[in-house]
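Here's a quick tour of a predicted model. Have the sequence and the 3D view handy as you read.

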Amino acid sequence: MSTEYKREIRRLIQGTPTIKGLYAYSQALILRWYAEIAWRNDLVTLKLKGDGNILSKKKGTYSVKMKEFKSSDKIGEILITLSKALSRVVDKYVKYRSKLDLDHEYLIVNASGNKLSKAGLVKILNRLTKKFTGKAFGTRMIRIMATTHQKEALDKAKKLASTMLHSLD
């Protein structure tokens, strides 16, 4: 889906960066991100610098330091390293974004160049998934599909923990 959408917006993001182009690029990044990382609606909380959930680059690979998310009080801070493929996509997006004079550090933007809301993220996902698959779905369904895809590995881990008299808490 993300490759197909990126082909659609190619002309819009070529040449001089614009807010309209950045918004279209943001949507392509959202599709690509959720194809690999099944988060809740926390993508819109990522910042390039400052406090909170921070995206940073080290040796060509991006990582995310998640401090604020639904279960952060139980789990604590988490460091997530992005794949090389997703890092390349993010890097191109960040370079495009850096050419615009935005008044915030949030990674993803709405149509006016401001921070995208969680509700806005859901609307984008619903619209684009409907366009490319015929069914509208958001982050909850993406998370269910990711878990279902990994069911065998999860069952194996559960069985091993049980055999070793460990809990999965």
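Let's start with K65: at 35% relative accessibility it counts as partly exposed (buried is under 20% relative accessible area, exposed over 50%, partly exposed in between, with a 1.4 Å probe and protein chains only). K65 makes a salt bridge with E77, meaning a side-chain nitrogen of Lys or Arg within 4 Å of a carboxyl oxygen of Asp or Glu. K65 sits in strand 3 and E77 in the loop between helix 3 (72–75) and strand 4, so the pair ties together parts twelve residues apart in sequence. By this rule the count comes to five salt bridges; here are three of them, one per row.

| Pair | Closest N and O atoms |
|---|---|
| K65 and E77 | 4.0 Å |
| D42 and K118 | 3.6 Å |

D42 is buried at 8%, whereas K118 is partly exposed at 40%.

Back to the sheet: four strands form an open sheet in the order 1-2-3-4, with mixed pairing. Strands pair if DSSP finds at least two bridges between them; helices (H or I, at least four residues) and strands (E, at least two) are DSSP runs, numbered from the N terminus. Strand 3 (residues 61–66) and strand 4 run antiparallel over four bridges.

A note on the basis: residues are numbered from 1 along each chain as its sequence is written, and side-chain values use heavy atoms, leaving out hydrogens and water. Local features need pLDDT of at least 70, side-chain atom pairs count only at pLDDT 80 or more, and totals for chains, interfaces and linings use all residues.
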